[in-house]
Amino acid sequence: MMSDYEVAMSGDSSAKDFFVKFHGPENSPYAKGIWKVHVTLPANYPYKSPSIGFCNRIFHPNVDEASGSVCLDVINQTWSPMFDLVNIFEVFLPQLLLYPNSSDP
């Protein structure tokens, strides 16, 4: 599923809490950046969205500077079981970094 990504399990014994090494999208101010993204899957995943947050600092209007939480409608409000983690790391997060929405912090 996420074979192209470096994934590290958290200290928790659950497979529902882990970290993903995420590279910034090409042709963006984040292109050479590498971030550690914390992923927590809820008990009713994929029917409920995962919790996604940047562990290391990233300056972006749709990422909470203090907590690293991602403000993205498709993850927080319009999630569907059709989506999966590959969608998050290959589509949603790159699009967020390429096209910030300063009116929806």
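# Strands, rings and loops in a predicted model

Modeller: To begin with a loop position, Asn62 is located between β4 (51-54) and α1 (73-76). Please bear in mind that this is a predicted model.

Colleague: Is Asn62 buried or exposed?

Modeller: Asn62 counts as buried, because its relative accessibility is 3%, and the cut-off for buried is under 20%.

Colleague: Which backbone oxygen lies 2.7 Å from a polar atom of the Asn62 side chain?

Modeller: That oxygen belongs to Asn101.

Colleague: Where does Arg57 lie?

Modeller: Arg57 is also placed in the loop between β4 and α1. With a relative accessible area of 57%, Arg57 is exposed.

Colleague: And which residues does Arg57 touch, leaving out those up to four places away in sequence?

Modeller: Arg57 touches Trp35 and Glu65.

Colleague: Let us turn to the strands. How many bridges join β2 to β3?

Modeller: There are 7 bridges between β2 and strand β3 (residues 34-40), and the two run antiparallel. Within that pairing, Val20 stands opposite Val37, and Phe18 stands opposite Val39.

Colleague: What is the bridge partner of Val7 in β2?

Modeller: The partner is Val20. Strand β1 (residues 7-9) pairs with β2 in the antiparallel sense, over 3 bridges. Val20 therefore has Val7 as a bridge partner and stands opposite Val37 in β3, while 5 of the 7 residues of β2 (residues 17-23) are buried, so that strand is largely enclosed by the rest of the structure.

Colleague: Which residues make up the covered face of β3?

Modeller: The covered face of β3 consists of Trp35, Val37 and Val39, whereas Ile34, Lys36, His38 and Thr40 form the uncovered one. In a regular strand, side chains alternate between the two faces of the sheet.

Colleague: How many bridges pair β3 with β4?

Modeller: β3 and β4 are joined over 4 bridges, in the antiparallel sense. Thr40, from the uncovered face of β3, stands opposite Ser51 in β4.

Colleague: Lys36 is on the uncovered face as well. Over which ring does its charged end sit?

Modeller: The charged end of Lys36 sits over the ring of Phe19, at 4.4 Å from the ring centre.

Colleague: Now the aromatic residues. How many aromatic pairs does the structure hold?

Modeller: The structure holds 8 aromatic pairs. One of them is Trp79 with Phe83, an edge-to-face pair with 5.6 Å centre to centre and 65° between the planes. Trp79 and Phe83 are both buried.

Colleague: What is the arrangement of the rings of Phe83 and Phe92?

Modeller: Their centres are 5.1 Å apart and their planes stand at 90°, so this pair is edge-to-face. Phe92 is buried, with a relative accessible area of 12%.

Colleague: Which residues form the aromatic cluster?

Modeller: Tyr5, Phe22, Tyr30, Trp35, Phe54 and Phe89 form one aromatic cluster. Trp35 has already been mentioned on the covered face of β3 and as a contact of Arg57.

Colleague: A change of topic: how many disulfides are found in the whole structure?

Modeller: The search finds 0 disulfides. Cys55 is in none, and the nearest cysteine sulfur, that of Cys71, is 18 Å away. Cys71 is likewise in no disulfide, its nearest cysteine sulfur being that of Cys55.

Colleague: Why does Cys55 count as partly exposed?

Modeller: Cys55 counts as partly exposed because its relative accessibility is 42%. Cys71 falls into the partly exposed class too, at 22% relative accessibility.

Colleague: Finally, the backbone. Which peptide bond is cis, with omega near 15°?

Modeller: The bond from Tyr45 to Pro46 is cis. Pro46 is placed in the loop between β3 and β4.

Colleague: And what is the phi of Asn27?

Modeller: Asn27 has a positive phi of about 60°, although it is not a glycine. Asn27 is found in the loop between β2 and β3, and it counts as exposed at 78% relative accessibility.

Methods:
Residues numbered from 1 in each chain as written. Predicted model: local features only at pLDDT ≥ 70, side-chain atom pairs only at ≥ 80, totals over all residues. Heavy atoms only, no water. Disulfide = S-S within 2.5 Å. Buried < 20%, exposed > 50% of the residue type's maximum accessible area, 1.4 Å probe, protein only. Phe/Tyr/Trp six-rings, centres within 6.5 Å; stacked < 30°, edge-to-face > 60°. Lys NZ or Arg CZ within 6 Å of the ring centre and 35° of its normal. Pairing = 2+ DSSP bridges. Polar contact = N/O pair within 3.5 Å; in protein donor to acceptor, adjacent residues only side chain to side chain. Contact = heavy atoms within 4.5 Å.
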